[in-house]
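Morning, everyone. Please have the sequence and the model up on your screens. I'll keep this short.

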Amino acid sequence: MSTLKAFILTTLLLPAGLHAESQDSYWTLGEGNSITWTFDGRAHDDDIEMSGKRMSVRLRYGVDAQGRFHCSRGMVWPLLRTIPNDTHASLMRRIDWNPLEAVRVNKNAIVRLGEKVDHITLDGTLTVVSSARDIKITRCILPSTEKPALVELFTLTNDGQRKARIAIDDWHPTLTTPASEGVGGAYRIEQKIYGSTVRELNPGESMSFCAVTSAVVDSEPTPAVDAGEELRMRQEVVSTWQQNLILDTPDEVLNRMFAFSKIRSQESIYQTKGGPMHGPGGESYYAAIWANDQAEYMNPYFPFTGYEYGCQSALNSFRHFARFMNDAWQPIPSSIIAEGTDIWNGAGDRGDQAMIAYGAARYALARGSIDEARQLWPLIEWCLEYCHRKLNKGGAVASDCDELENRFPSGEANLCTSSLYYDALLSASYLAKELKLGKKAEKKYADEARQMEKKIESYFHRNIQGYDTYQYYDGCTLLRSWICIPLTMGIFTHAEGTLEALYSDKLWTKDGMLTQQGSTTFWDRTTLYALRGALMAGDTERTLNHLQYYSTQRLLGSHVPYAIEAWPEGNQRHLAAESGLYGRVFTEGLFGIRPTGLRTFTLLPRLPEDWPQMALRHVRICQDNFDIVVRRDGGRVKIDIVKEGKTVTTKEFKGKKLTIRL
């Protein structure tokens, strides 16, 4: 499907109350897994975060009405800790410099020659193609994969008819931070031009230089950077992400945003002294883990992607949480910060044990490793027992607040925590079988899951604002977006009323789902949970319309190309785990994949009426690598499991879950 066709289709099928003008589109689908913004005279600014193992950067970039490119670098070095060494104690600096200021063409500063942008491309790097009179300028900005450095590779091409004399100055400003402000003492931040020279450039010839922004402990040497090698390594890791877990549908916008979501969700892992730690980012959250972002959102998704470093970070995060199990049944901290050396628990018990048990059990099943399952079982068991001890008189799991940390009320027990506990019990029953813990253990967790489902019904089911759905907490009379969460756990008892409430004008807006009826706050995480749950419940056509609208807005609109955190908080930062939640809309929602053992999973696919076929290729769960192809065959729907190009299983789908054994 062409970009224009996808946009028109999405516009025609906008949900009620949404309008085409809500999508101020700048971008189009480019070659491969890229998007491109061709400058058309409209000034526009945006930002994007990119990360490597030792640094991250939030690029604030744009083009003014004259076509001039500008860029500010929000640099973050998570392993260079500042004092006090708290959640936000990464070394950070906002750096505004234009490396082209070091370039002269025929003795004239190139920045004064009237640079005009032709187009900008995003594909895991940010590439800008522009021209200044007869000089074509290509700049490619990327994070170093392994080093604490941002790399900007410039190529200058003589597009004129005469020789051009190019002079590139030796530019090397340095900033040293006070030793008293750093855990590691003084830090040295350097901006350096590599490739300073004077050269005659014939018509058609090109030359390159690079600019590097790096930071190290002041006693350490400046990292040596080969720009060409850094570009190759970045392209190689992005290619690795894109070669696994490929979404293949008739809708190229969905395919492309899914591809981009893998970049953001997998790049944000930092090689700390506490091991690899996946972090949200956003110029705030690094070298630390959270029970929601990492344990609940991201870790269950990593096995699907086949990214081994991501799986290492998931297992490492659970090991950190497991350090805090205790005989006094005090809660595990919400966040383990500062490379694993400290904690944050400022909001008390947010239902974190339910988040951890849910995520660890789902991760273990999807990972398919008996050794890792054995390692994780004590943590899962402890967290489930903790939740059991927190059951209130109504049978719901009590907590001090929820993951929104008192931004919105959550009562003494909230729907989200109890639903996560329910799903974790189900997963525990599957794991107990795999770990050969005996029929008694299997039955215990299965029975407790069934009882929890009944308690969710009795404690939370209510008519809210005329909808047959759930109260978020006892006494809550307003609709909350988290009423979607039972759907994501496979509880469909009140699916119809819940879906009507979610898609009503009381919650759904042009920006996605409101956190609470009557507010202006939205968090993408609940929108993505709702889309996943709605697809799981079989609301395929309406949800596809909403998903197409949302994806077009996030991928091709004014702030691209990832799912965002929230607004107004954080001003729509591209936090990493939200991109993992976007991927799960498809793996668990559209395809209905639910691991039920180390070598088994269930499928409940939702093939849209107008699609002849859809596929997830190179799915990497349960220690295997296979394609799932859902296709129409006459009036029937068939599911093929394909390995190495060969169909090994074909099943007819009749609307009920199918069990696949590998």
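This is a predicted model: local features need pLDDT of at least 70, side-chain atom pairs count only at pLDDT 80 or more; totals for chains, interfaces and linings use all residues.

Let's start with A413. Where is A413 found? It sits in a loop. That loop runs between helix 8, residues 370–389, and helix 9, residues 415–434. Is A413 buried or exposed? Its relative accessibility is 0%, so A413 counts as buried; the cut-off for buried is under 20%.

What does A413 touch, beyond residues up to four places away in sequence? The list is N392, A396, V397, A398, Y459, F460, Y472, Y473 and D474. Take A396 from that list. A413 and A396 are 17 residues apart in sequence. In space, their C-alpha atoms are 6.1 Å apart.

Next stop, a pair of strands. Strand 19 covers residues 269–272, and strand 20 covers residues 275–278. How do strand 19 and strand 20 pair? They are antiparallel, with four bridges. Two residues make the hairpin link from strand 19 to strand 20. Look across from Y270 and you find M277, in strand 20.

Last stop, T526. This residue belongs to helix 13, residues 524–536. T526 has 3% relative accessibility, and therefore counts as buried. Which residues does T526 contact, leaving aside neighbours within four places in sequence? They are S481, W482, C484 and M513. With S481 there is also a polar contact: the two side chains meet at 3.3 Å.

To recap: A413 is buried in a loop, strands 19 and 20 form an antiparallel pair, and T526 is buried in helix 13. Thanks, that's it from me.

Terms used. Residues are numbered from 1 along each chain as its sequence is written. Side-chain values use heavy atoms; hydrogens and water are left out. Buried means under 20% relative accessible area, exposed over 50%, partly exposed in between (1.4 Å probe, protein chains only). Contact means heavy atoms within 4.5 Å. Two strands pair if DSSP finds at least two bridges between them. A polar contact is a pair of N or O atoms within 3.5 Å; within protein, one must be able to donate a hydrogen and the other to accept it, and residues adjacent in sequence count only if both atoms are side-chain atoms.
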